[in-house]
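Trainee: Could we go through this model together? I would like to begin with the helix packing.

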Amino acid sequence: MDQNITPHVLPTACDFTVFGGTGDLALRKLLPALYHRDLEGQLPADYRILGVSRSDLDDAGWRAEVRTALGVHVDAADLYDGAVDRFLARLFHLNLDAEAPEDWDRFHALLKDRPHPEEAVRVFYLAVAPKLFGSICQRLDEIGVVDEHARVVLEKPIGHDLASAREVNDAVGRVFAEPQIFRIDHYLGKESVQNLLVTRFANTFLEPLWNSRWVDHVEITVSETVGVGGRGEYYDNAGALRDMVQNHLLQLLCLVAMEPPTYVGRETVRDEKVKVLQALRPMAAEDVDRDTVRGRYDAGLVDGVAVPSYADDLGHGGSRTETFVALKTEVQNWRWAGVPFYLRTGKRMDRRASEIVVVFKEPPHSMFPGAEGTTAPNRLHILVQPDEGMRLHLTAKEPGPGGYRLRPVSLDLSYATAFDARLPDAYERLLMDVIKGNPTLFMRRDEVEAAWTWTEPILRRWAATPERPKRYPAGTAGPTSAAMLLERDGRTWTEPDQ
Ligand SMILES: NC(=O)C1=CN([C@@H]2O[C@H](COP(=O)(O)OP(=O)(O)OC[C@H]3O[C@@H](n4cnc5c(N)ncnc54)[C@H](OP(=O)(O)O)[C@@H]3O)[C@@H](O)[C@H]2O)C=CC1
Ligand SMILES: O=C1O[C@H](COP(=O)(O)O)[C@@H](O)[C@H](O)[C@H]1O
């Protein structure tokens, strides 16, 4: 059977190990996601969740931590005593230093401590610092727990540049075959992001317009109100370009720009995404100077609350790291040549809103001479968060007998209302895909490396220039030069629609 369309099956037994089981990601995202899937009865009949960390915790201690975390990160309406207790009973904690070779025998023993251990699918989720990825994989290999059904999940960032990404990929690849490696980008698990593929390719009306003939430009905005929180050390080494653009924003761009695959299969979508990344206009030094803007938040007001500057969040003022990026790029192929793609993302901005906006060209001819009112180009907003949905802006006639008075109106699709259902968190979908062995929504090695290939010249140029990121007050839309990036092209950023 074609590997692309082999059905993905739920195994009957699974050991899901979270390296970093006491960390922020595990407690805030992974365990709540697994709890929700357990609540829906979707996890394998015989599953265990094994948490690994250096913390001196026994099973009861970890279960208590996870209970507290569920209380904070799961809606109270979804917390039933019986369900929480049943879920917690599946959890086991192992106190292990991933860097201490002598500790690993105990992990081996834990994996073997179940009836028919060879029948359980083993998932190894590496929710730890990336510097541990290679050595953890090597130890897993040495203790003999990696068989052909095993899977490893790598959290971003995969490296901090192309060379280091290759090193990580090589180290992990020495133990796991590419189809067993799940490089997670949680944006791909968001409902509205997956729906972008369905909207484009399961309908006929958009595709004929989805090209340089009809599209004026595309904007992708991921605006956050949060600062760097407790992740200052990681963030200061990364910055917004590595943390958000190299992965999440480029993935969104790929889904907007890609060609239709023959069908949605484990490699077909990824093949098309790689082609988009390879078609991105390479950034020479002068392109970086002209088409990118870096910013850094100062103290300000976010949602009416005073927040400190990045330097204060970090505890020192010596950093040159950007917390905001805006840039212009182009996909150099037949479909998109000449259409600018504007991307921006930042922390401590005026609102939390992630949106893709496709702005169409003006009609070629106005057949309402002297019409009153206002018109605006058609725009399709794909709302990624906080609300998920879609909004199409059209021009309509205002009702009334007095001739043509035109007004922009919108057609709205809110998923929550249209489907009257709780929208699962992105991790819920992605963790189920890992358990079932479906890598379609995960990044393949060549994708990650193509994304770094495009990103790296920007990093190099920024490092080589004495200029520092432009300052913006927290609670605003970023530095003014981000607005100028579009204004010089006769355009303006579209206000987020939520
Ligand atoms: N938090 C988030 O929202 C996101 C995180 N990520 C990535 O996920 C990874 C984890 O992030 P996050 O949860 O925030 O990090 P945290 O620092 O909160 O947690 C790290 C976890 O790893 C454990 N750990 C650290 N060193 C070792 C070791 N030598 N052996 C065993 N366990 C160890 C820690 O426990 P202990 O110290 O007790 O050993 C802890 O459980 C990082 O790579 C991060 O970049 C990616 C996207 C979002
Ligand atoms: O990967 C990351 O994503 C979050 C934003 O995720 P969202 O689902 O809340 O939009 C970002 O805050 C973080 O810095 C980054 O590492």
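Mentor: A definition comes first: axes are lines fitted to C-alpha atoms, for helices over the stretch in contact, and angles run from 0 to 180 degrees between N-to-C directions. Please keep in mind that this is a predicted model.

Trainee: At roughly what angle do the axes of α8 and α14 cross?

Mentor: Helix α8 (residues 232–257) and helix α14 (residues 445–464) cross at roughly 145 degrees, and their axes come within 11 Å. The crossing of α8 past α14 is right-handed.

Trainee: Which residues make the contact?

Mentor: From α8, L241, V245, Q246, N247 and L250 take part, and α14 supplies A451, W452, T455, I458 and L459. Seven of the contact residues are nonpolar, three are polar and none is charged.

Trainee: Turning to the sheet, what is the strand order?

Mentor: The six strands form an open sheet ordered β3-β2-β1-β4-β5-β6, and the pairing is parallel. Its edges are β3 (91–95) and β6 (181–183), each of which pairs on one side only. On average, neighbouring strands are turned by 20 degrees against each other, direction ignored.

Trainee: Which helix packs on that sheet?

Mentor: Helix α13 (residues 426–436) does, touching β1 (13–19), β4, β5 and β6. The direction of α13 makes about 140 degrees with that of β4.

Trainee: And how many bridges link β4 and β5?

Mentor: Strands β4 (residues 121–126) and β5 (residues 151–154) pair over four bridges, in the parallel sense.

Trainee: Finally, which residues surround ligand 2?

Mentor: H186, E224, V226, D243 and S354 surround ligand 2. By class, this shell has one nonpolar, two polar and two charged residues.

Key: Residues are numbered from 1 along each chain as its sequence is written. Chains are lettered from A and ligands numbered from 1 in the order in which they are written. This is a predicted model: local features need pLDDT of at least 70, side-chain atom pairs count only at pLDDT 80 or more; totals for chains, interfaces and linings use all residues. A residue is near a molecule or strand if its C-beta atom, placed from the backbone, lies within 6 Å of it. Ala, Val, Leu, Ile, Met, Phe, Trp, Tyr, Cys and Pro count as nonpolar, Asp, Glu, Lys and Arg as charged, and the others, Gly among them, as polar. Helices (H or I, at least four residues) and strands (E, at least two) are DSSP runs, numbered from the N terminus. A crossing is left-handed if the near helix is turned anticlockwise from the far one by less than a right angle, and right-handed if clockwise. Two residues are in contact if their C-beta atoms, placed from the backbone, lie within 7 Å. Two strands pair if DSSP finds at least two bridges between them.
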